[in-house]
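This report describes charged side-chain contacts and a surface patch. The sequence and structure come first.

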Amino acid sequence: MKKKVNIIGAGIAGLSAGCYLQMNGYDSEIFELHNIPGGLCTTWKRGEYTFDGCIHWLVGSNPRDSFYKIWNELIDMSSIDFVEPEEALRVEDGSGDSIRVFSNVDKLEEEMLAKAPSDKELICKFCNAVRKFSEFELPIEKSQELFSVFDKMKFIFRFLPYFKDMKYWMGMTAHELADKCTDPLLRKTFEYLFFPDMAALFLVFTLAWRNKGSAGYPIGGSLEFARKIEERYLSLGGKVSYKSRVKKIVVENGCTKGVRLENDEIHNADIVISAADGYCTVYEMLEGKYVDDEINGYYKNFNVFPSYLQISLGVGRTFDDCPHTTVFPLETPIQIGRADKADYIGARIFNFDSTMAPEGKTVLTVILPTDDNEYWEKMRLEDIDKYRKEKSRIAGEVISALEKRFGDIEGKVEQIDVSTPATVRRYTNNWKGSLEGWVLSPEVGFKQMKKVLPGLSNFYMAGQWVEPGGGLPPAILSGRNVTQLICRADKVKFRNSL
């Protein structure tokens, strides 16, 4: 008889685990609190516009990349049209000057040197690192928990030429890298390549993926991409139960026996995988009974990605000559929460994806990070009118800022949608409304977090709360790796196809 596996969460990690389990002869079922797949990898409709809440770029869009091969195990990557932008980002100073962040590292270096010649040494060192890591391939075929002595030696041999550079760029945050710049515009550019608390190594990797054409955007957006994995899972015989929030993980004598839903239905299983929120899994579904100092330390000491407001606009005009994202300063900062203010914003302009808006119209989105998720969650619960007014105020101030920068916007806004940290919590239950779980900071590094909990058998965790850095590639790998661990425990030879 096939072993039954209950999976909590139909995000990319949960769907990935489900697909590989089905390939390897297990009977799996996913329980998802929302009514659609994808988790944070999602889009939503407002009128005739589609707003995307996730993918800016997908590592593995190039067929020569090792991640492409992994994605291709679950979906037909050749069926997806990817956009690889020549100019991924433009950062402006408000006085007419700007730095264009080109995907090609040679053009990027030329641009940076022309705009910030006083930082030549730093620019050349950074761009040379991007070139070097453009040749690096992460060892992702096998879960590192399963590495043999030979695998470890092979990994060290592959890793050795990059060790010095990895150590250097991992040893500082993007903010600390920016502080090394004498030119203020270059400083702001480094800060806006990703979150300032991320290790600078992540900036190097991001631009290396762009440089080798493996960080494209999939036309159709995030939810369509997630649905492709859901379709594969269902075609393999898997089952997804939507609107099925898991309240408790059922445990008897230190062994998981299934899940209890919010309506008190119990679904028995031989194995349980949580690809849901880490904090909720460990401290609520399992009541904090299966932890040690190391696990408690994660949730006490490690930084998480901030939560955010996403202001999405459907605008009845085109933006033909604009880059995918334009970052520019505000004349008047926008108050986001009790303490957070934005003095710069980045406008993402979906002029590269015609599926998001009718012909002649465009979607624009602006993300405003905030660490004050409690402010928004509490306000929505206690004063819904104030909550709505605050969303409206922020949307209005963002529209005014976009009008000043681009012109001809205010009178052509046809749809407005504002997602807040409270929205993220409602639809994904992500702890603190976090964007991607643990920040890949110098302190966290490439830490391998255990996918099992002490004192608990037949239970595994997958997803961004056991994969520092978050994002979609670690999510698919996490589901794949967890399946490898289960196969090893059951003495089943792992298969990546059916």
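Is Lys 239 buried, partly exposed or exposed? Lys 239 is partly exposed, at a relative accessible area of 47%; the classes are buried (under 20% relative accessible area), exposed (over 50%) and partly exposed in between, with a 1.4 Å probe and protein chains only.

The model is predicted: local features need pLDDT of at least 70, side-chain atom pairs count only at pLDDT 80 or more, and totals for chains, interfaces and linings use all residues. Residues are numbered from 1 along each chain as its sequence is written, and side-chain values use heavy atoms, with hydrogens and water left out.

**Salt bridges**

A salt bridge is a side-chain nitrogen of Lys or Arg within 4 Å of a carboxyl oxygen of Asp or Glu. By this rule there are 34 salt bridges. One of them pairs Lys 239 with Glu 29, with 3.7 Å between the closest N and O atoms. This pair links distant parts of the chain, 210 residues apart: Lys 239 belongs to strand S10 (residues 239-241) and Glu 29 to strand S2 (residues 27-31). Helices (H or I, at least four residues) and strands (E, at least two) are DSSP runs numbered from the N terminus. Glu 29 is buried, at a relative accessible area of 6%.

Glu 145 and Lys 451 form another salt bridge. Here the link spans 306 residues, from the loop between helix H4 (120-133) and helix H5 (149-159), which holds Glu 145, to the loop between helix H15 (421-428) and strand S20 (459-461), which holds Lys 451. Glu 145 is partly exposed at 31%, whereas Lys 451 is buried at 3%.

Glu 414 also meets Lys 361 in a salt bridge. Glu 414 lies in strand S19 (residues 413-419) and Lys 361 in the loop between strand S17 (341-349) and strand S18 (362-370), 53 residues apart. Glu 414 is partly exposed at 40%, and Lys 361 is partly exposed at 27%.

| Salt bridge | N to O distance |
|---|---|
| Lys 239 and Glu 29 | 3.7 Å |
| Glu 145 and Lys 451 | 3.0 Å |
| Glu 414 and Lys 361 | 3.1 Å |

Salt bridges also join Asp 97, Arg 100, Glu 111 and Lys 115 in a network.

**Nonpolar patch**

Ile 156, Leu 160 and Phe 163 make a nonpolar surface patch of about 320 Å². Patch residues have over 30% relative accessible area and no salt bridge, and nonpolar side chains (Val, Leu, Ile, Met, Phe, Trp, Tyr) are joined within 5 Å. Accessible areas come from the Shrake-Rupley method with a 1.4 Å probe. Leu 160 sits in the loop between H5 and helix H6 (163-170) and is exposed, at 57% relative accessibility.

Methods:
Patches are made of residues with over 30% relative accessible area and no salt bridge: like charges are joined within 9 Å, nonpolar side chains (Val, Leu, Ile, Met, Phe, Trp, Tyr) within 5 Å.
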